[in-house]
Amino acid sequence: MRVAVLTVVLLGLVAFSVFLARVTLTPSPASEDLVTSNLQPGRSLREYAEDYTFLAACKQAGGNLLLGVPFGLLLPFIVSRRLRMIRLTLLTAVVMIVVELIQGALVVGRAFDVDDVILNTSGALLGYLLLGRRISHRYYVYADAPRPEPVPTAAPEAEPKPETKPETKPEPARGNGAKTLTGKQAAGTSTGPAPGRAHTVLDRFRRR
């Protein structure tokens, strides 16, 4: 946003500079014997009021006022906000003094006029107070406003894995605390002749 606005302002200044050069630095051979330099503030303004018609005076003075208005609209975007009005006034006055000096020294039919500088600077102040201050204030409020930080997107939660229980081997059944015997141990407990068989052998021996 800031880059776009500054680009538009710079393009506007370039276009205005071209227009200013065409208006103020165009030779006017027909006026070569009529124009004279004016270093006394207010002298040309009195001539407008006394010697010019009302429409001609408005055209001459109003044209110089309007010529300074673009300074009041464009310069606030590139001039520091501290003491902006004073800086804008001084910068406009310096630019217009340079233009008037070039007129008086190099352009045929034109001369340096301090009243033109005063009118141009007044037009810049008028444009700044009426519109330039409000536009530039809104621009700086928007440009200096803190930008909201992007909210980090939460990573997708992993699905919980089902818990696997360890397999338990079934324990052998224990009945009344008795231990189970193996086949060999059972065979070992039954060694020796059975009692019934011993009696039959004795009976046979007595009969003989």
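Helices α4 and α5 pack at an angle of about 140 degrees, with their axes 9 Å apart. The model is a predicted one.

**α4 with α5**

- The crossing of these two helices, α4 and α5, is right-handed.
- On the α4 side, the contact is made by Arg84, Met85, Leu88, Thr89, Thr92, Ala93, Met96, Ile97 and Glu100.
- On the α5 side, the contact residues include Asp116, Val117, Asn120, Thr121, Ala124 and Leu125.
- Tyr128, Leu129, Ser136 and Tyr140 of α5 also take part.
- By class, this contact of α4 with α5 has 11 nonpolar, 5 polar and 3 charged residues.

**α1 with α3**

- Helix α1 covers residues 2-24, and α3 covers 54-74.
- Their axes lie 11 Å apart, and α1 and α3 pack at about 165 degrees.
- An angle over 145 degrees counts as roughly antiparallel, so α1 and α3 are roughly antiparallel to each other.
- The crossing of α1 and α3 is left-handed.
- From α1, the contact draws on Val9, Gly12, Leu13, Phe16, Phe19, Leu20 and Thr24.
- From α3, the partners are Leu67, Pro70, Phe71 and Leu74.
- The contact of α1 with α3 holds 9 nonpolar and 2 polar residues, and no charged ones.

**α2 with α5**

- Helix α2 spans residues 43-51, and helix α5 spans residues 114-144.
- The axes of α2 and α5 come within 7 Å and cross at roughly 85 degrees.
- That value sits in the range of 65 to 115 degrees, so α2 is roughly perpendicular to α5.

**The largest pocket**

- The largest pocket has a volume of about 830 Å³.
- Its lining counts 30 residues.
- Nearest the centre of the largest pocket lie Tyr48, Gln60, Asn64, Arg110 and Asp116.
- Helices α1, α2, α3, α4 and α5 each supply at least two residues of the lining of the largest pocket.
- Helix α3 gives the most to that lining, with 5 residues.
- The lining of the largest pocket divides into 10 nonpolar, 13 polar and 7 charged residues.

Notes
Residues are numbered from 1 along each chain as its sequence is written. This is a predicted model: local features need pLDDT of at least 70, side-chain atom pairs count only at pLDDT 80 or more; totals for chains, interfaces and linings use all residues. Side-chain values use heavy atoms; hydrogens and water are left out. Axes are lines fitted to C-alpha atoms, for helices over the stretch in contact, and angles run from 0 to 180 degrees between N-to-C directions. Helices (H or I, at least four residues) and strands (E, at least two) are DSSP runs, numbered from the N terminus. Angles under 35 degrees count as roughly parallel, over 145 as roughly antiparallel, 65 to 115 as roughly perpendicular and the rest as oblique. On a 1 Å grid over the protein atoms alone, a cavity is a set of points where a 1.4 Å probe fits but cannot get out, and a pocket is an open set with protein on both sides within 12 Å along at least five of seven lines; lining residues have an atom within 4 Å of a point. Grid points are joined across faces, edges and corners, and a volume is the space filled by probe spheres set on the points. Ala, Val, Leu, Ile, Met, Phe, Trp, Tyr, Cys and Pro count as nonpolar, Asp, Glu, Lys and Arg as charged, and the others, Gly among them, as polar. A crossing is left-handed if the near helix is turned anticlockwise from the far one by less than a right angle, and right-handed if clockwise. Contact means heavy atoms within 4.5 Å.
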